[in-house]
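Reader: I'd like to talk through the aromatic rings in this one. Can you put it up and walk me through them?

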Amino acid sequence: MVLPVLIGQRVRLVPAGPEHLEFFRRLNTDEQVMRHVSGRPYSPSETDAEWSRRLGQRSNTDRGHGYWTGFLDGRPIGWWGLGYDGARPEAGELGFRLAHERWRQGYGVEGARLLLRHGFLSARLTHIWAGTVTANAASRATLASLGFACVDEPTPRALTYEISLGEWLERDDPRS
C-alpha cells in the first residue's frame with residue numbers, strides 16, 4: 001500500500017519523506033514543542049536519527065503504517081503518524097507533533113481523526129494506541145476527545161491510551 005494523501009477540512013496530510021526533514025529539525029528545536037517529548041530541544045543529528053527510525057523500522061507502508069506531514073495553506077504545521085510495532089501488527093501507535101503557534105486550534109484533533117479513519121478503514125487495524133505523559137494535559141484532552149481511554153501507566157508519569165475499531169465505529173460514522 002502506498003500511503004495516501006489525507007485531506008481534512010483545513011489540514012492536508014502528505015506522506016512524510018526526506019524533503020520534510022528541515023521542517024522536522026525546526027520543529028524539534030522549539031523548547032515548547034519538545035517540553036513533554038524530551039524535556040529539551042533536539043539537535044539536528046538527534047532529529048535525523050528520530051526520522052531515520054520513523055521512516056524505517058517504525059513504518060510499514062505495505063500495512064498502512066507511516067508518517068505524514070501536515071500542511072495548512074501550503075505551509076507545514078506538524079506531523080502525524082501511525083507507528084508500526086512488529087509485536088502488534090494489528091495495532092498502530094498514533095503520534096503527532098505540532099508547531100506551538102498552531103496549538104489549541106483543533107489541528108491536532110483534525111489530523112488525528114484522519115489517521116484514525118485511515119488506520120481503521122484502509123489499514124484494517126483493530127486498535128490504535130498513543131502514549132503521553134501525565135503533565136501533558138493538552139495531549140491527554142485531545143486523546144480523550146477522540147474517544148481514547150487511558151488503559152495503562154507503564155512507568156510513573158507515562159500513560160498509554162487506546163481505542164478499538166468497535167469503539168471508534170460507535171463514535172464516528174465511517175461514511176462521513
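Author: Ring pairs join Phe23, Phe24, Trp51, Tyr67 and Trp79 into a cluster. Keep in mind that this is a predicted model, where local features need pLDDT of at least 70, side-chain atom pairs count only at pLDDT 80 or more, and totals for chains, interfaces and linings use all residues. Residues are numbered from 1 along each chain as its sequence is written, and side-chain values use heavy atoms, with hydrogens and water left out.

Reader: How many aromatic pairs are there by the rule you use?

Author: Rings of Phe, Tyr and Trp (its six-membered ring) pair if their centres lie within 6.5 Å; planes under 30 degrees apart are called stacked, over 60 edge-to-face, and the rest tilted. Going by that rule, the count is six aromatic pairs.

Reader: What kind of pair do Trp51 and Tyr67 make?

Author: A pair of aromatic rings is described by the distance of the centres and the angle of the planes. For Trp51 and Tyr67 the centres are 5.6 Å apart and the planes sit at 80°, so the pair is edge-to-face.

Reader: How many residues apart are Trp51 and Tyr67?

Author: Helices (H or I, at least four residues) and strands (E, at least two) are DSSP runs, numbered from the N terminus. Trp51 belongs to helix α3 (residues 44–55) and Tyr67 to strand β3 (residues 66–72), so to speak distant parts of the chain, and the gap is 16 residues.

Reader: Is Tyr67 buried or exposed?

Author: Buried means under 20% relative accessible area, exposed over 50%, and partly exposed in between (1.4 Å probe, protein chains only). Trp51 has 3% relative accessibility and counts as buried. Tyr67 is at 3% relative accessibility, so Tyr67 is buried.

Reader: Which parts does the pair of Tyr67 and Trp79 tie together?

Author: Tyr67 and Trp79 form an edge-to-face pair, 5.8 Å centre to centre with 65° between the planes. Trp79 is buried, at a relative accessible area of 2%. The two residues are twelve apart in sequence, so their pair ties together strand β3 and strand β4 (residues 75–83).

Reader: Which ring does Arg54 lie over?

Author: A charge sits over a ring if NZ of Lys or CZ of Arg is within 6 Å of the ring centre and within 35 degrees of the ring normal. Arg54 is in helix α3 and, at 15% relative accessibility, counts as buried. At 5.5 Å from the ring centre, Arg54 lies over the face of Trp51.
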